[in-house]
Amino acid sequence: MREEDLVDIKFRLYDGSDIGPFRYSATSTVDMLKQRIVSDWPKGKTIVPKAVNEVKLISSGKILENDKTVGQCKVPFGEVAGGIIIMHVVVQPSLAKTKTGILVFIFL
């Protein structure tokens, strides 16, 4: 594989800490990135994804689709300073699992 086909990606978590950077092929899918995030999630965090479908990746203000490749996602970046792409990670637990309280509306 050619060096220019590889992309360095760092994942920024909700508290400002990072996972990575890791080097990925341009043909790697967003789903593969999410699997890596779940498996390498740092210990001791208050929010922990339990499955890949609870993770959203955001890059350049857009939520990335699972079937897109890194090569398709990196197009808007152009030349990145330092050569590392930073993707923001949002953990969104399944609503069915987190629904424990009662929602109350107050009208004034």
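Asp 40 is partly exposed, with a relative accessible area of 32%. On this scale, buried means under 20% relative accessible area, exposed means over 50%, and partly exposed lies in between (1.4 Å probe, protein chains only). This is a predicted model, in which local features need pLDDT of at least 70 and side-chain atom pairs count only at pLDDT 80 or more, while totals for chains, interfaces and linings use all residues. Residues are numbered from 1 along each chain as its sequence is written, and side-chain values use heavy atoms, with hydrogens and water left out.

The side chain of Asp 40 meets that of Arg 36 in a salt bridge, at 2.7 Å from N to O. A salt bridge is a side-chain nitrogen of Lys or Arg within 4 Å of a carboxyl oxygen of Asp or Glu. Arg 36 is partly exposed, and its relative accessible area is 32%.

## A network of salt bridges

Salt bridges that share partners join Lys 10, Arg 12 and Asp 18 into one network. Asp 18 forms a salt bridge with Lys 10, where the closest N and O atoms are 3.8 Å apart. Asp 18 also meets Arg 12 in a salt bridge between side chains, with 2.4 Å from N to O. Asp 18 counts as partly exposed at 31% relative accessibility, and Arg 12 is partly exposed as well, with a relative accessible area of 23%. In the whole structure, a search finds 5 salt bridges.

## The aromatic cluster

The structure holds 2 aromatic pairs. Rings of Phe, Tyr and Trp (its six-membered ring) pair if their centres lie within 6.5 Å; planes under 30 degrees apart count as stacked, over 60 as edge-to-face and the rest as tilted. The rings of Phe 11 and Tyr 24 have centres 6.3 Å apart and planes at 70 degrees, so this pair is edge-to-face. Phe 11 belongs to strand E1 (residues 6–12) and Tyr 24 to strand E2 (residues 18–25); the pair thus links distant parts of the chain, 13 residues apart. Helices (H or I, at least four residues) and strands (E, at least two) are DSSP runs, numbered from the N terminus. Both Phe 11 and Tyr 24 are buried.

Phe 22 and Tyr 24 also form an edge-to-face pair, with 6.5 Å from centre to centre and 75 degrees between the planes. Together, Phe 11, Phe 22 and Tyr 24 form one aromatic cluster. Tyr 24 is buried at a relative accessible area of 8%, and Phe 22 is buried at 18%. The charged end of Arg 36 sits over the ring of Phe 22, 3.6 Å from its centre. A charge sits over a ring if NZ of Lys or CZ of Arg is within 6 Å of the ring centre and within 35 degrees of the ring normal.

In H1, Val 30, Leu 33, Lys 34 and Ile 37 are buried. Seen down the axis of H1, its buried residues fall within an arc of 100 degrees, so they line one face of the helix. The arc is that of the directions from the helix axis to the C-beta atoms. The cover over the buried residues of H1 includes E1, E2, E3, H2 and E5. Not counting residues up to four places away in sequence, Leu 33 touches Ile 9, Phe 11, Tyr 24, Leu 57, Val 70 and Met 87. Contact means heavy atoms within 4.5 Å.

## Two buried loop residues

Ser 28 lies in the loop between E2 and H1, and at 7% relative accessibility Ser 28 counts as buried. Neighbours within four places in sequence aside, Ser 28 is in contact with Lys 68, Thr 69 and Val 70.

Glu 54 has its place in the loop between helix H1 (30–39) and strand E3 (55–59). Glu 54 is buried, with a relative accessible area of 4%. Glu 54 and Val 90 are 36 residues apart in sequence, and in space they are 8.2 Å apart, C-alpha to C-alpha.
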